[in-house]
Amino acid sequence: MGDGRWRIAGRWRTAGSALLRVIVVWAVSTLTMLALAGLLPDFQLQSPDGDSITRTALTAVWGAGAFGLLGALVWPVIVRALLLVPALVLGLLVFFLNGSLLLVALWLIPDGRGAADPETAVVVAAVMSAVASATSTALAVRDDDAYRRRLYRLADRTRTRPARGAPGGPEPVHGTVFLQLDGVGHRVLRDAVADGLMPTVADWLDTTHRLTPWRTDWSSQTGASQLGILHGSNEDVPAFRWYEKDTGRLMVSNRPASAVELQRRAIERTGDGGLLTVDGASRGNLFSGGADQLALVLSMAARRGRRNRSRAGYFAYFSDPANAVRTAGSFVAEAARETVQATRARLRKETPRVSRGGAYPFIRAFATVVERDVVVAAVIGDMLAGRTAVYADLVAYDEVAHHSGPHGRDTDQVLARLDRSIALIAKVAEHAPRPYRIVLLSDHGQSPGETFESAYGLTLKDLVRAGCGLPVPRRVGRTPSGSEARDAARDALRSALHRPVDEYGEYGEETRQAGAPATRPSEPLVLASGNLGLISFPDVPHRMTKEEIDRRHPALLRTLANHPGIGFLLVASAEHGSVVLGRDGAEVPVAELADDGPLAVFGPGAADAVRRTDGFPHVADIMVNSMYDPATGRVHAFEEQIGSHGGLGGEQAYPFLLSPVDLPAPPADLVGAEQVHRVLRGWLRECAGPQVPLEISRPAADAEVLLPVDGPVGQDKIS
């Protein structure tokens, strides 16, 4: 009986506290509405003949109450109805939708005493939502239960939360949160800590965490690294984008159809669903990791119909109009910040520099504001729900560093904001129903440098076409590189004219047996993945050898290998299996490859990384890695990026792992995303967390299946 009375009394206290907060927020909103009515000429709370102060105040009370009620009841319905709208558009619509709700609230005021122009309504709604949110948050600061309930509602969680261990009872089982700081290299993190940009991380390093660098595979990019980390295998991922001859498909890691296929292949190879298979959550990632709880997961975006829950993360966050307005305001501010920074760089004639106009300010704002806010909110909800393992990707730094460079004021500001997000997550962990260990890691770093086109006046595609003797733009022919390549191709062609050629070409036997007519060879397909280039000849069904390429395009390999912007090539060889080609005729069989010769400047492990990629079924006919200057750390990206990753050379190949010291120390020489997966899986087992199954079990009827696509999805093909 005593316990029952205490519980009833507790419920009454909770209800009374909630009612008091509602009244205070209502009162503050009323005062805000009155103040705005006095400041804005197009916002009226009086009849045309004027009203007494009391009557005007009652009108404001009515309007503020109606606006708050509409925000609580109607706003979530509107956001859910707009889940199919692109997130970028939804962020911009937030202001106008909120303004529309205010107009409805004013229309509900008796006697028509409330009126505002649509433009003014947008401003009034934004200010009122921000003030109401700030007031509600301030009231909840000293009320842990209210704070937790607010964040719990934000993430739309309904599951039962386990309780923390009682004093003197068994030690509670730890949960683990993995926060991936996309593109933040080991050196960048150390420098940010030393410069005071990341005080939270600095405090962890001084007290509770250890910092370990690790080395990526040759393909130093999110698609390969995150697939290996979450699913234990990144086999046959040679780059960010590549062409597969057997299917005619162009694979691009950040396309939904490609992401779901890569995840399917990894699960098929390993025989398990991923790192997060049991009681896990995947937030803002390319791949699900086998998690049941998903938000902003690219491989889920390929699902069609209601089974696609990837956009649910947007609803969970934007269902709170105050959060929607705050994020939308930050979105606009970030787009303006990027415009100012780009203009400043252009006026100062800073180099290197790439174009940052068009839609890029909005793309950056989405990555640094919308994606960050939604993912952080989802992680907070996961912790308050007591989930065992959470893996989330924060992409802000990577996006900005591509266009502003990995070192500088622009990226310093992003790192400081990331540290504040980490601090928020750590603070909320104190209110979670179970203790959490927070692990920070990155998937790759970024290497600075002028683009290949900016340095030499032509793209890699231009150089390849010139080396093949194919037409190139007039501007390319006037560059030293283009002129030399065309001259070499012309000389080689003259020599080749004295050699008899079958009308079916070099591969005439296969074509003749198939009964097909003779065709002209197709043009080479050139793809860029940071400072890694891939060249394929789609008309040849197999991986071409050096000897075959020399017969078809005698000057191509020599032109590429001797170019000052290129470090080395990897190509198959009928005589040696595969070879690495460098400048001045250097040619080393892959079987004899060591970290010297053409690969000397790329550091330890380069030979093993190249050798592993050489064994992939879908490696390109010619793999091209740009030059690397160890004195400056520069590389040349084959796309428009002054901070790049994707190949070998410099900081891009050295991400980090920041882990609590009470977890087993990772190996001193941590190489490859697959080994990182094994370390993380061991930590989860150490914490009695999810045990990765040895085979894919059949999911329950109401659970998300491990493979994110049951039916056909659109494929990325060469047109």
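This is a friendly conversation about how the terms used for this structure follow from its values.

Trainee: What kind of model is this, and how are its residues numbered?

Mentor: This is a predicted model, in which local features need pLDDT of at least 70, side-chain atom pairs count only at pLDDT 80 or more, and totals for chains, interfaces and linings use all residues. Residues are numbered from 1 along each chain as its sequence is written, and side-chain values use heavy atoms, with hydrogens and water left out.

Trainee: Why is T176 called buried?

Mentor: Buried means under 20% relative accessible area, with exposed over 50% and partly exposed in between, using a 1.4 Å probe and protein chains only. T176 has a relative accessible area of 2%, so T176 counts as buried. Its contacts (heavy atoms within 4.5 Å) include T388, Y436, R437 and C687, not counting residues up to four places away in sequence.

Trainee: Where is T176 found?

Mentor: T176 is in strand β3, residues 175–181. Helices (H or I, at least four residues) and strands (E, at least two) are DSSP runs, numbered from the N terminus.

Trainee: How do you know that β3 and β10 pair?

Mentor: Two strands pair if DSSP finds at least two bridges between them. β3 and β10 (residues 436–441) have six bridges, so they pair, and they do so in the parallel sense. Within that pairing, T176 stands opposite R437 of β10.

Trainee: What is the order of strands in the open sheet?

Mentor: The order is β8-β7-β9-β3-β10-β21-β4-β22, eight strands with mixed pairing. At the edges stand β8 (293–295) and β22 (670–671), each with a single partner strand, so one side of each has no neighbour in the sheet.

Trainee: What makes F178 and Y391 a tilted aromatic pair?

Mentor: Rings of Phe, Tyr and Trp (its six-membered ring) pair if their centres lie within 6.5 Å; planes under 30 degrees apart count as stacked, over 60 as edge-to-face and the rest as tilted. A search of the whole structure finds seven aromatic pairs. In the pair of F178 and Y391 the centres are 6.0 Å apart and the planes 35° apart, so the pair is tilted. F178 lies in β3 and Y391 in β9, so the pair ties together parts 213 residues apart in sequence. Both F178 and Y391 are buried.

Trainee: Why are F452 and Y456 called tilted too?

Mentor: Their rings are 5.2 Å centre to centre with 50° between the planes, so they are a tilted pair. They are four residues apart in helix α16 (residues 452–456), which separates them by about one helical turn.

Trainee: Why are α13 and α15 called roughly parallel?

Mentor: Angles under 35 degrees count as roughly parallel, over 145 as roughly antiparallel, 65 to 115 as roughly perpendicular and the rest as oblique. The axes of α13 and α15 (residues 409–429) cross at roughly 15° and come within 9 Å, and the two helices are therefore roughly parallel. Axes here are lines fitted to C-alpha atoms, for helices over the stretch in contact, with angles from 0 to 180 degrees between N-to-C directions. Among the residues making the contact are R372 and V376 of α13 and R417 and S421 of α15.

Trainee: How do you know that helix α17 is largely enclosed by the rest of the structure?

Mentor: Seven of the eight residues of α17 (residues 460–467) are buried, so the helix is largely enclosed. Among the buried residues are L460, D462 and G467. After α17 comes G469, with a positive phi near 75°.
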